[in-house]
Each structure stands twice: as C-alpha cells, then as structure tokens.
Amino acid sequence: MTQPLKPADLVPSTGLEGIVVADTVLSDVDGQNGELVLRGRRIEDLAGRMPFEAAVQHLWGDLVPTSGTDLRNAFAQARRMAMAALPAMEKAPAGIGAYDRMRLGIGALPEDTGLTDAELISGACPVLLAAAARLETGYVPIGPDAGLSSAEDLLRMLTGAPPAAYAVNALDRYLVTILDHGLNASTFTARVIASTRAGMRDAVIGAMGALRGPLHGGAPGPVLDMLDAVGTPENAESCVMAELERGERLMGFGHRVYRTRDPRADVLKAGLGELPKDNPRLALAEAVEKAARSALARAKPDRKLDTNVEFYTAVLLDAVGIDRSLFTPLFAAGRTPGWCAHVVEQQKTGKLIRPASRYVGPAVSG
Ligand code: ACO
C-alpha cells in the first residue's frame, strides 16, 4: 500500500516563480535589468511627468472600453456617483478599518451609470478611500469636486482643505508609479476571478484581498514602523541586524522578480526631492536602506535582495501627510485601473484559469 507523503517529502512550492501564465500588452517587468515598462514607455517617463488620469489613459489605450468621455471627466463623474455607496459604508461596524470599508463601497457602487465598470470603479476609489478614512476617525465624509483631478480631490476629501500643489504632484507620482506591474499576486487574483466570468467589481474586491498581505501591498505601514523603531541614522545598522537575527524579514526589501533595485523605488525617492523642505525622515531612510542592503547581501548572498517600491512609498506618502493606515488603501486605489485592464484582457481570452494539484494525502481506505 502506498504510504502518504510526509511534509518533508513534499516538493517545495515554487510559488509559480518564472512560470508564464498569461500574455499581456500592459506591462513588462524586467527583473534582471530593473526596468518597468507600461505599454512601451518606461516608468521613469510616466511617473512625475503626467497626472494619474493621463497615465491610465496611456495604459488602457484601445484595450479598455470607456464611455467616450475624456477620462478626467469620466473619473469626476464616477466620484459623484460613488456617493451612492456611502450609506453601505456608514453601516459597517466601527473599527472595521478603512480598507474593508472601501471594499464595501466598491460592492455598493450604483449600476447603470453610463460609465463603463472600469471607469466607475477606478474613478470612484478616491471618494471611497477618503470617506472610509473619515468614517473610521469619526468625521463626516466630504463630497467630491468635479473640477479637480483625482489626486487633488482625494487629498481635499481626506483633510477638508485644499492641498498644496507639491502634495498633489507627489500623489500623482505615486499613483502612476504603482499603476500596473505584470502578474503580481493581486493582479493574478483579479485575472483568476475574471476568468470565472464573475464581474469586474468581484475581481477588484478579490484583488484587494491579495494586496493587503505584508509580502505584497501591506508592507509600507510596517516600513514606517521600522523607521520609527530605528529612530536615528546611527542606530540603523544594529537595528537591522537585530531584526534579521530574530528571523524577521526587512519590510521594503526583496522582490519576486527584481534581482536588482526596483526602479519604482528611485522614481519615488526622486519625488522626495520635489517636496518643499528637507524631509527629516530622508536621512534616516537612507541610513536604514544602506544598512539593510549590506546586511541582506551578507545574510543571503545568492538571493540579491534590494530595495523595493514599498520602502520609498512609505517615506513619500508620510511626507505628504498620509496616515500609515491609508498606505494600503491608497495602493489599491492606484492599482485599480491596472487590475481593471487585466480583467478586460483576461475576459478576451475566454478561458477559465484552473491549474492542477498533486494529491499526496492518505490512500483510499476501506
Ligand atoms: N528580509 C529578509 N529576508 C528576506 C527578505 C527580506 N525582506 N526577502 C526575502 N528574504 C529571504 C527569505 O527569508 C528566504 O530565505 P531562505 O531561503 O533562507 O528561506 C529568501 O530570502 C527567499 O525568499 P522568498 O520568500 O522565497 O522570496 P520571494 O521571491 O517569494 O519573496 C518577497 C519576495 C515576498 C517580496 C520577499 O522579498 C519579502 O518578504 N519582502 C519583505 C516584504 C515586502 O517588502 N513586501 C513588499 C513587496 S513589493 C510589492 O509587492 C508591491
């Protein structure tokens, strides 16, 4: 009789590393050379050079159906329509968290709006995020201003005050930087859901579930916690070493695909230079980054662990006054148009994604 395999006999999971499971026209992640291309343009030529809506327009091109309205206007309409989702978000139990409240809002967006699903969901995110944040902290949500861009309106709806131009530019830079990134875990999730012919909101809500984990989009809050714990640049080396000796992963370092520096880290770091005054955290962040890179090179010489996007995400968003509890919701808001584009691309294949597993459990008895 065949004996069941013991855990030690199991083939270690490769996490699908290096396995190609989809063709895409959307983005190319070159892990060896540290390059990210969105529809034929390097991320450095997009982020910091155009507002979020223009980058989405570039990504969507002729792939994603739109209502024909200029995208800035379509997103402004979506923000207005998103107000219909607020009652469902208000009914959520206190303390549920901005992220879950935002997900409830996506599920409660109105039907038959005249916008496409991609426009409605992507455009609505700033309202859902800002309302979720305000409800969590006991404030009344603020309605959108259709005359503003997504980034400016999002900042205004969060605080109730008109944001500074530098903050709007920094947020646009961030949102463009994280718009799309190949077949990462959340995008793959969105494509799996789309392949079952479930709707776009199901795909986005499911993708948000995959995004929130600390190995993916949940890392920047903990990055800031780490910087707080380090406190001063002089402590960087000892704190980083202590963390590794405890067997912890350093948040904001390492990547499944990049075997060199994540290009998005530099795009975001460059954004810090455009802020009006020296950011007190920048020297600290640079010291921690230097200590972490050299400690990781010593600890994992074969793995090539370098800075990823989440490290400078934390520093940049903190510098523009975004609370760390909103880092992952903001990541979701910026990635949503990317998820929607992948959903459309997946729908075009018409094929259910359904891989196989190998049974290693007990043999049939009796
Ligand atoms: N700190 C310490 N050790 C690390 C780190 C890290 N940041 N990253 C990887 N390692 C180690 C692992 O412990 C493992 O060691 P082992 O072989 O001795 O067990 C080895 O490097 C390989 O790690 P894997 O988990 O197999 O590599 P994978 O490609 O699956 O991981 C990941 C990529 C999840 C991003 C990882 O580098 C990590 O956990 N980083 C920290 C969390 C983080 O920054 N997340 C944000 C990622 S960016 C994004 O998703 C937007």
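# Briefing: helix packing, salt bridges and local backbone features

Glu-310 is located in helix α14, which spans residues 309–319. The structure discussed here is a predicted model. Glu-310 is buried and takes part in no salt bridge, although salt bridges by the applied rule number 22 in total.

- The nearest side chain of opposite charge to Glu-310 is that of Arg-264, at 7.3 Å.
- Beyond its neighbours within four places in sequence, Glu-310 is in contact with His-216, Gly-217, Gly-218, Ala-219, Pro-220, Val-223, Gly-252 and Phe-331.
- The axes of α14 and α15 cross at roughly 105 degrees and come within 11 Å. The two helices, α14 and α15, are therefore roughly perpendicular to each other. Glu-310, Ala-314, Leu-317 and Asp-318 of α14 make this contact with Phe-327, Leu-330 and Phe-331 of α15.

**The α8/α9 pair**

- Two packed helices are described by the angle between their axes and the distance between the axes.
- For helix α8 (residues 185–195) and helix α9 (residues 200–211), the angle is about 150 degrees and the axes are 8 Å apart. This angle makes α8 roughly antiparallel to α9.
- The crossing in which α8 passes α9 is right-handed.
- On the α8 side, the residues that meet α9 are Ala-185, Ser-186, Thr-189, Ala-190 and Ile-193. Their counterparts in α9 are Asp-202, Ala-203, Gly-206, Ala-207, Ala-210 and Leu-211.

**Burial of α12**

- Helix α12 is mostly covered, with seven of its ten residues buried.
- The buried residues in α12 are Pro-263, Arg-264, Ala-265, Val-267, Leu-268, Gly-271 and Leu-272.
- Packing partners of the buried α12 residues are β2 (35–38), α7, α13, α14 and α15.

- Side chains of opposite charge can pair when their charged atoms come close.
- Glu-17 and Arg-259 form a salt bridge in which the closest N and O atoms are 3.3 Å apart. The partners are 242 residues apart, with Glu-17 in the segment before β1 (27–30) and Arg-259 in the loop between α11 (236–245) and α12 (263–272). Glu-17 is partly exposed at a relative accessible area of 36%, whereas Arg-259 counts as buried at 18% relative accessibility.
- Glu-274 and Arg-173 meet through their side chains in a salt bridge with an N to O distance of 3.1 Å. This pair spans 101 residues, linking the loop between α12 and α13 (280–299), which holds Glu-274, to helix α7 (residues 165–177), which holds Arg-173. Glu-274 counts as partly exposed at 49% relative accessibility, and Arg-173 as buried at 8%.
- Glu-345 and Arg-191 are joined by a salt bridge of 2.9 Å, N to O. The residues lie 154 positions apart, Glu-345 in helix α15 (residues 327–349) and Arg-191 in helix α8. Both Glu-345 and Arg-191 are buried.
- Salt bridges with shared partners also connect Asp-225, Asp-228, Arg-281, Asp-318 and Arg-324 into one network. Asp-318 additionally belongs to the contact between α14 and α15.

**Positive phi values**

- Most residues other than glycine have a negative phi.
- Leu-16, which is not a glycine, has a positive phi of about 60 degrees. Leu-16 lies in the segment before β1 and counts as partly exposed at 46% relative accessibility.
- Arg-39 likewise has a positive phi, near 45 degrees. Arg-39 is found in the loop between β2 and β3 (41–42) and is partly exposed, with a relative accessible area of 23%.

**Pro-214**

- Pro-214 belongs to the loop between α9 and α10 (220–230) and is partly exposed, with a relative accessible area of 48%.
- Apart from residues up to four places away in sequence, Pro-214 touches Ala-219 and Met-251. Ala-219 is also one of the residues in contact with Glu-310.
- The C-alpha atoms of Pro-214 and Val-364 are separated by 39 Å, and the two residues are 150 residues apart along the chain.

Technical notes: Residues are numbered from 1 along each chain as its sequence is written. This is a predicted model: local features need pLDDT of at least 70, side-chain atom pairs count only at pLDDT 80 or more; totals for chains, interfaces and linings use all residues. Side-chain values use heavy atoms; hydrogens and water are left out. Helices (H or I, at least four residues) and strands (E, at least two) are DSSP runs, numbered from the N terminus. Buried means under 20% relative accessible area, exposed over 50%, partly exposed in between (1.4 Å probe, protein chains only). Lys and Arg count as positive and Asp and Glu as negative; His and the chain ends are not counted. A salt bridge is a side-chain nitrogen of Lys or Arg within 4 Å of a carboxyl oxygen of Asp or Glu. Contact means heavy atoms within 4.5 Å. Axes are lines fitted to C-alpha atoms, for helices over the stretch in contact, and angles run from 0 to 180 degrees between N-to-C directions. Angles under 35 degrees count as roughly parallel, over 145 as roughly antiparallel, 65 to 115 as roughly perpendicular and the rest as oblique. A crossing is left-handed if the near helix is turned anticlockwise from the far one by less than a right angle, and right-handed if clockwise.
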